[in-house]
Amino acid sequence: MATGIVGEFLELKAETDADVLAMQCGDFYEFFADDAEFVADELDLKVSQKSSHGSSYPMAGVPLSELTPYAKALVERGYRVAVADQYETDDGHAREITRVITPGTLLETTDADARYLAAIVREGDVAVDEYGEVQHAGGNGAATARTDRTDHTEPADGSGGPYGLALADVTTGRFIVTEVDDESDLRAELYRVDPAEVLPGPLVRNDDAVLAAVREELSGSVSLFDAEAFAPGRARHAVREQFGWETAETVGLDSELAVRAAGAVLAYVAETGAGVLASITRLQTYGAGDHVELDATTQRNLELTETMAGDGDGSLFCVLDHTVTAPGGRLLREWLTRPKRDREALESRLDAVEALAAGALARDRLRETLGDAYDLERLAARATSGGAGANELLSVRDTLALWPELVSAVEGTPLAESPVADVLGRPDHGRARELCAELSDALAEDPPSTTTQGGLLCRGYDDELDGLIDRHEEVQRWLDTLAEREKRQYGLTHVTVDRNRTDGYYIQVGKSVADEVPDHYREIKTLKNSKRFVTDELAEREREILRIEEARGALEAELFAELRDRVADESDLLQDVGRAIAELDALASLATHAAGNDWTRPELVEERSLSIDAGRHPVVERTTDFVPNDLALDAERGFLIVTGPNMSGKSTYMRQAALIQLLAQVGSFVPARAARVGLVDGIYTRVGALDELAQGRSTFMVEMQELSNILHSATEDSLVILDEVGRGTATYDGISIAWAATEYLHNEVQARTLFATHYHELTTLADHLPRVENVHVAVDERGGDVTFLRTVREGPTNRSYGVHVADLAGVPEPVVDRADEVLDRLRAEKAIEARGGSGRSADGNGGSGETQQVVFDLSSGSFARAGEGTTRGADDSGQGADDSGQGADNETTDDGGNAIDEETAAVLTELADVDLAETTPIDLVGRVQRWQKRLDADEER
Ligand code: ADP
């Protein structure tokens with residue numbers, strides 16, 4: 001066991017569950033043993049060896065003032081860094097852990113994005129905690145100990161939700177709590193905020209689905225925190241301590257799960273010692289029904305904040321973001337990912353955007369002024385944590401000082417009659433003016449970066465300080481004029497008075513006259529061309545000036561801390577002003593984009609409709625010569641089947657509809673000549689398995705889960721976008737599912753729906769279901785070439801142009817020709833064929849080597865032998881297929897006259913549908929085993 005300083009380090013390290021410990025040793029923070037190796041590796045620090053009682057330990061260190069950037073780098077990589085500080089005691093000094101910097105409590109971030117700490121609580125088994133309240137049975141009392149997941153009992157029901165969710169951004173003091181119904185809603189919310197750190201509650205730790213989602217879809221890390229902090233009694237206590245006894249009730253926080261999550265977040269922030277609890281003054285809740293549901297998949301599919309490939313560039317946010325402040329950017333991002341359903345609030349935003357879009361001059365002036373604003377919410381948190389220096393308080397002052405300018409940018413312009421003026425009027429101007437004046441009176445311009453050297457505060461702020469400053473100046477004047485006096489008095493030339501670290505103040509005399517100095521000069525140093533002297537009087541003045549400087553440094557540090565506390569006390573004011581600035585910036589950004597891109601104000605209507613005149617895709621129109629398209633969805637025509645060749649523009653058309661709907665509910669103008677938009681309660685999208693396969697995340701199971709979620713969640717007030725459904729499975733499975741999903745959405749859910757499909761068979765649904773209509777993306781086909789017109793027209797396409805695209809893409813001639821042939825035949829047969837390979841045949845002969853063809857007839861839904869002599873033959877009417885369907889319970893025959901039953905046919909079709917490029921060998925073996933089993937079972941029948 002190590003003793004001495006390394007022993008102390010290891011003891012402290014054992015107290016914390018942080019990944020690394022930085023321990024103060026004098027002017028350095030040191031890392032020892034494994035931690036030294038680890039940080040040296042991560043941060044490129046030099047490792048030396050520290051001997052301690054006969055053993056040697058790796059050691060790495062950083063100067064005190066440089067810990068922040070190093071710790072920040074570690075924390076941004078997801079590690080937790082404990083900091084142990086040294087303090088004086090009667091018999092020397094001691095050390096203790098004062099702070100644990102974690103991804104979710106990192107204050108020093110320079111990233112403009114919000115940084116959330118999230119806690120998730122799930123309904124489940126409960127026991128009684130020390131407040132006499134029930135708590136989770138899975139709770140582990142060991143404070144902050146990392147817990148083994150198998151320690152916990154599984155919830156009885158094993159299903160997800162509801163969940164309580166609390167989100168705190170310690171860098172801005174934002175605090176949001178909510179309860180969500182199920183796992184999908186939870187994931188949607190987590191995806192939206194992308195927390196830096198997640199604290200799963202006791203049962204959530206066992207919730208593999210949630211944990212997997214957190215790990216796979218989010219960039220943040222997971223920390224296991226004291227399970228008792230999630231217990232109801234303790235959590236409610238923490239919430240009441242923080243926000244006052246009434247707040248929880250008045251903001252409508254009646255969800256116990258939400259309270260428990262909130263309590264855990266507060267306890268965690270307290271325990272990490274970030275010192276920002278005081279800036280978390282407001283509890284915000286989301287009620288159900290105030291926003292548009294956007295599940296995680298939809299947020300991703302619509303590329304709201306990042307593209308499908310994971311880039312920020314090319315996202316809707318990136319295109320729309322013309323904000324000039326960090327908080328404005330954060331707010332715009334929040335608006336885009338959380339559209340509203342409150343019509344009045346939306347009309348108000350639209351009024352503001354309209355006024356700002358119309359008044360370019362006033363808008364420019366407003367934006368220019370906003371551009372000088374600092375991030376007040378973050379500055380408030382820095383003041384509260386005690387981390388703010390004089391420069392940061394100056395930033396607070398300068399930002400508050402912008403307020404009159406903002407007001408005058410709006411006064412006398414049409415903006416004064418718009419909600420822009422309301423936003424400006426919201427913060428307490430009197431208080432803002434007062435704080436601004438106070439800071440102006442207190443702070444010196446160009447202060448030093450440390451708070452202990454003086455020079456932070458200006459004259460007139462404090463009498464005692466003024467006295468010290470006067471005295472300092474007096475002595476300084478004496479020193480400044482000393483050289484002149486000495487010259488005059490003693491007839492010396494070449495005399496200067498100066499100060500340096502080693503010699504202190506000295507009189508320097510040129511060599512030539514050095515012998516003529518008076519007797520009371522004491523020589524302290526001989527240089528090449530001069531000598532340095534001191535006198536008793538000079539030494540006395542030196543002591544005095546040092547005394548004054550020290551006293552001034554201490555007094556200023558004290559006064560500055562008071563001033564900072566005063567600013568911290570006003571953190572709610574700063575948050576108000578900061579929020580108003582963010583709002584103005586976000587509104588002006590929307591207006592700037594609208595004005596620059598010919599967007600129009602959407603008309604929000606009561607009816608269930610989405611009617612777009614010459615709409616465009618907000619992102620694609622930036623880079624393409626875009627062909628605008630109309631859309632009409634309403635009560636009579638609520639379901640559009642969109643057909644057209646690959647790459648013709650189906651996805652773009654549907655996404656543009658979804659984005660126009662979304663933008664309208666953000667309160668933004670939209671890319672269209674005109675749009676009448678009925679508000680929706682949710683936008684749901686599901687894009688083709690093939691697109692997603694490219695992302696390496698889709699399986700047929702995922703596709704079906706997403707479809708299932710839509711069918712469960714969408715309502716008659718929702719907008720549903722389906723871009724190919726059922727592609728990830730065998731053709732007839734796929735068609736059946738797409739068909740049934742269409743009927744269900746049309747008959748039961750009655751959501752406004754756009755459904756792009758390559759199953760042309762579905763277009764016949766328009767004949768049967770009253771609200772289903774067909775539209776197609778037109779192409780011009782002449783001389784065997786295809787030109788994409790990008791124009792959407794009424795009615796279905798009658799064929800697939802995939803082969804032409806293959807041709808355009810340079811697929812070899814013979815393949816294209818053969819594909820044309822096959823296509824012709826398929827069309828003639830109005831059927832889809834599946835080729836079965838050689839192998840075990842239904843009659844049990846096995847391995848005959850013959851190719852079998854099974855044809856699935858779409859019009860009858862039955863199977864038939866393919867090739868010569870099928871019941872269908874050249875009969876275009878599909879009658880023949882019906883006949884074949886009347887055979888012995890879907891049995892058909894193979895070439896040898898043997899009966900093939902439905903199961904065998906199904907196996908063969910599945911076999912034909914296997915995409916070898918997308919199937920792993922192990923998967924393939926599994927499938928073959930299952931097929932064999934099914935065929936064996938068949939034989940036995
Ligand atoms: P699909 O879904 O039919 O396969 P996409 O919607 O992916 O086709 O569109 C294919 C390409 O066509 C995209 O690169 C897109 O930029 C372009 N495109 C789509 N619609 C338009 C349009 N209306 N005007 C101009 N280009 C378009």
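UniProt positions are given here in the numbering of this model, with feature names shortened, and such annotations may be inferred rather than shown by experiment. The structure is a predicted model, in which local features need pLDDT of at least 70, side-chain atom pairs count only at pLDDT 80 or more, and totals for chains, interfaces and linings use all residues. Residues are numbered from 1 along each chain as its sequence is written, and side-chain values use heavy atoms, with hydrogens and water left out.

In its unreviewed entry, UniProt places the feature "binding site" at Gly 644, Pro 645, Asn 646, Met 647, Ser 648, Gly 649, Lys 650 and Ser 651. Gly 644 is found in the loop between β23 (639-643) and α23 (650-664), and Pro 645 lies in that loop between β23 and α23 as well; helices (H or I, at least four residues) and strands (E, at least two) are DSSP runs numbered from the N terminus. Buried means under 20% relative accessible area, computed with a 1.4 Å probe on protein chains only.

| Residue | Relative accessible area | Class |
|---|---|---|
| Gly 644 | 9% | buried |
| Pro 645 | 1% | buried |

Leaving aside neighbours within four places in sequence, Gly 644 is in contact (heavy atoms within 4.5 Å) with Lys 650, Val 777 and Thr 797.

Elsewhere, helix α12 (residues 343-358) packs against helix α13 (residues 360-370) at an angle of about 100 degrees, with the axes 5 Å apart. This makes α12 roughly perpendicular to α13, a term that covers angles of 65 to 115 degrees. Leu 356, Ala 357 and Ala 358 of α12 meet Ala 360, Arg 363 and Leu 366 of α13.

Note on methods. Axes are lines fitted to C-alpha atoms, for helices over the stretch in contact, and angles run from 0 to 180 degrees between N-to-C directions. Angles under 35 degrees count as roughly parallel, over 145 as roughly antiparallel, 65 to 115 as roughly perpendicular and the rest as oblique. Buried means under 20% relative accessible area, exposed over 50%, partly exposed in between (1.4 Å probe, protein chains only).
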